[in-house]
Amino acid sequence: MSNYDQLISHYQTINHFNHAQAMLGWDAAANMPAGGNEARSNAMAELSVHVHRLSTQPQLSEWFNNAENETLTTEQTASLREMKRQWLQATLLPEELVQAQSKAGSKCEHAWRTQRQENDWTGFEKNWKEVVTLSREEAQIRSDILGLTPYDAMLDKFEPDTTTVSLDVLFSDVKTWLPELIEKALAKQQTESIIMPSGIYPTAAQKSLGLDIMKLLKFDFDHGRLDQSVHPFCGGVPSDVRITTRYDESDFVQALMGIVHETGHARYEQGLPKAFAGLPVGEARSMGIHESQSLFFEMQIGRSKDFITHLLRLSKDAFNAHKDPVFTEDNLYKLYTRVDKGFIRVDADELTYPAHVILRYEIERDLINGLIEHTDVPEVWDEKMKATLGISTKGNFKNGCMQDIHWTDGAFGYFPSYTLGAMYAAQYKATMTQTVDIDAAIKSGDLTPIFQWLSDNIWSQASLHTTDELIKRATGETLNAAHFKKHLEGRYL
Ligand SMILES: [Zn+2]
């Protein structure tokens, strides 16, 4: 057996344990009674330790060294690169640091749940200080090994090969036109009237409507299912993808689009190449590319006028609402393209969302690189919020820097993925338009040509290429914010 084949077999074994872990995690979120929590947590922690041991086994380094001298095809070379990448990620941090981070993160997050409600920055800051210190330590170790700046080394966990240099170019471009675009969209919106949903929309009807939408989006029900959970997610494994949503009986709008979003994540997973199943090279390219699929489904397909026509027809039937004035094409489209300058990122609309992300990116970049201290964050947050959205968070910590869960346990470097995803999605659309009649496909209800393009260019390519290469092969150029701007102007002006 060659060393390359030894590695393949080893990573398949790791994958089997990860499969079990994913299903236990899905079950814990979607099915498990509360009493099962302690034993389940123990079982999952034990599995994690086992997977970590397999991922850091000393023999791996020898296999990697030898495999590099073996004759490999282009695809096998990519496969080796991705196995090595996962191995490096698993081995580069000392175990004591990982444990200290886990402890500090849990403590900070646990206390944050009540501190946030009480707007208690002073209490939060004491725990968060330790989280930030440990994250900086992590960033420094990654930086030394990977030869990147500390923040770029954190970005690398989520967006391999994406750097501050490229993000600064993209995001500073967005900042030159976004605030004005938001103001113009709001001014236009003020002249229009909208009818908000006010009825009761039963969970059972919302669920059956969600399933209809998933069928329209060609979700493969032989390899996945829809369930309910407090925080919606897409989990499971490519051969058995589990998506979840939550229902609010007074408002169907969010849950429905949430299903469209998660279906985008799911179809990427279901469309990953079978030839590389269970191997790192067969996995999704990055968090940003994953988000580009969910956001292509949600923003480019889901909120288009032609798709809203389908939503209208199906939801009128599901809620028996043929006479309800909420359910007109025009009103439903307005509901799905409403702009609102708010404090909260997770509630933000398509147009204001990038402002929230860029603000977090700039703060976490400077915090990890040591240019600002954690105690500076509320003030910097307030300044940036005023500059982009014109609203102040002075003294309002719970709706300012304490609103997200990400930073409480040290997930620095993840926020840019959201806006990168939205930008990639707009760029796919611009390219796809050259060969596919997107509007006609959506209107006809047979979206196959759109999915075929995504499959050929993104899903089937998994992690065979770097992100830049993947985007260049698909669209002829690397990421270009101009497509995103054009998309937003087209929809909101
Ligand atoms: Zn998503």
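**Close-up views of a predicted model**

**View 1. Lys218 sits in the loop between helix H9 (203–216) and E1.** The model shown here and in the views below is predicted. Lys218 has a phi near 60°. That value is positive, in a residue other than glycine. Lys218 is partly exposed, because its relative accessible area of 37% falls between the 20% and 50% cut-offs. Strand E1, at the end of this loop, covers residues 224–228.

**View 2. Strands E1 and E3 pair in the parallel sense.** Five bridges link the two strands.

**View 3. Strands E2 and E3 run antiparallel.** E2 spans residues 234–237. Four bridges join E2 to E3. Cys234 stands opposite Ile243 in E3. A hairpin of two residues connects E2 to E3.

**View 4. Strand E3 is largely enclosed by the rest of the structure.** E3 comprises residues 240–245. Five of its six residues are buried, so the strand is largely enclosed. E3 pairs with E1 in the parallel sense and runs antiparallel to E2.

**View 5. Asn320 lies in the loop between helix H12 (305–318) and helix H13 (329–336).** Its phi is positive, at about 50°, although Asn320 is not a glycine. Asn320 is exposed, because its relative accessible area of 66% is over the 50% cut-off.

Definitions and conventions
Residues are numbered from 1 along each chain as its sequence is written. This is a predicted model: local features need pLDDT of at least 70, side-chain atom pairs count only at pLDDT 80 or more; totals for chains, interfaces and linings use all residues. Side-chain values use heavy atoms; hydrogens and water are left out. Buried means under 20% relative accessible area, exposed over 50%, partly exposed in between (1.4 Å probe, protein chains only). Two strands pair if DSSP finds at least two bridges between them.
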